[in-house]
Amino acid sequence: MDVREIVAELERYLGPDAAALSLPPAAFTSPELWERERERVFGRSWVLVAHVDELAEPGAYVALSVAGEPVVVVRGEDGVLRGLSTVCRHRLMPVVEEGSGRTDVFTCPYHLWRYGLDGRLVGATHMKRNPAFDPSACRLPGFAVEEWQGFVFVNLDASAEPLAPHLRRIGEDLVNYRLPELTQVAGWTEEWHCNWKVAVENAHENYHVMGFHPETLQPTTPGGAETRVRADSPWADSMRVRYAAPLEPVVLDLTEEERAHLYGFFVFPSGSLAASGDMVVWLSLIPSSLDRTLVRGGVLMPTAMVEHQDRDTVRKEAEAYAAMINAEDRRGLEAVQRGAASRFGERGHLSPKEPGVLLFYRSLARALCREDADYPGEL
Ligand code: FES
Ligand SMILES: [Fe+2]
């Protein structure tokens with residue numbers, strides 16, 4: 001299937017009576033579609049990259065690949081969060097390795113050119129005798145950065161429209177979870193060997209819980225649980241899954257509805273949050289290449305809940321729990337990627353228990369083929 005055929009199939013998801021079918025398998029393996037996604041999806045979308053607790057101090061940074069683009073998000077001495085390309089202006093070496101940390105300056109490992117936290121060149125040795133070189137005009141390109149209720153997003157399109165207006169309804173839904181007062185107690189970065197869409201479509205449904213998470217999640221949110229979804233904008237949709245039994249949060253003052261449901265929120269293409277009693281978990285599924293996905297996430301809790309506990313113990317418990325769930329998804333999704341490469345793979349019929357998957361496909365189709373398409377609202 002060539003890329004034009006894949007895109008034509010995707011466009012059908014935008015029609016009024018789109019069939020509830022999974023993506024063509026080639027959508028997960030096509031290098032041409034991946035090139036198109038790099039440009040039309042990741043070249044101009046808000047990608048969730050961190051929680052602000054990771055970037056609290058001046059000089060704190062998170063460096064990662066966003067669809068093959070080396071990016072760093074860093075807090076400057078002036079307190080401003082910035083997104084920068086890490087590609088050295090001399091001869092292309094990324095000036096910082098992927099990962100997180102703290103620094104006063106980015107020193108390129110190749111010939112030691114140095115850049116300030118705002119991207120400006122602050123030093124380059126043995127360059128004075130090249131009259132064509134103007135150090136004052138030399139700087140790392142900047143990207144757009146937006147912080148929304150503690151979540152940090154980056155957009156490779158420096159002139160992108162703001163994200164916050166698209167998240168207004170989600171913000172209202174989350175008022176009782178008091179996002180700005182939550183603290184990150186644990187975080188992780190993993191790499192999964194699958195196409196990013198394999199991971200994102202999985203996050204958009206609870207149906208797989210009976211298969212991938214029979215002992216961990218199935219008792220609380222069974223795969224057959226009542227599931228409702230809502231699309232607010234091409235960039236934002238959400239999912240509500242009824243718990244087997246209501247939760248009893250100890251710190252947050254939640255309504256009966258909130259105690260009875262797991263709420264999932266999605267910011268296309270990569271970001272998601274799950275609000276569950278006294279806990280919010282964020283997860284971002286960011287491609288680094290066609291078949292590699294960076295999985296960054298964290299567990300947030302009300303400060304009041306953890307202030308009398310040993311932070312290390314809380315962190316270890318939360319990390320161990322997340323690692324268990326992530327391992328279950330990872331094992332399954334890496335197998336799905338192998339299935340997607342089979343010559344005998346075909347599109348399949350979706351269950352009414354996975355309506356969120358179709359919302360994701362619509363956002364994808366809109367980004368890749370028809371930006372003027374409208375949205376269905378509640379399903
Ligand atoms: S490539 Fe960075 S200093 Fe030469
Ligand atoms: Fe899962």
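I began with helix H8, which gives the most to the lining of the largest pocket, with 8 residues; helices (H or I, at least four residues) and strands (E, at least two) are DSSP runs, numbered from the N terminus. I note that this is a predicted model, in which local features need pLDDT of at least 70 and side-chain atom pairs count only at pLDDT 80 or more, while totals for chains, interfaces and linings use all residues. Residues are numbered from 1 along each chain as its sequence is written, chains are lettered from A and ligands numbered from 1 in the order in which they are written, and side-chain values use heavy atoms, with hydrogens and water left out.

Next I looked up the volume of the largest pocket, which is about 1100 Å³. A pocket is, on a 1 Å grid over the protein atoms alone, an open set of points where a 1.4 Å probe fits, with protein on both sides within 12 Å along at least five of seven lines, and lining residues have an atom within 4 Å of a point. Grid points are joined across faces, edges and corners, and a volume is the space filled by probe spheres set on the points. Of its 48 lining residues, I found Leu217, Leu262, Ala274, Val281 and Ile325 closest to the centre of the largest pocket.

I then turned to the second largest pocket, with a volume of about 400 Å³. Among its 22 lining residues, Ser22, Phe28, Glu201, Val336 and Tyr361 are the closest to its centre.
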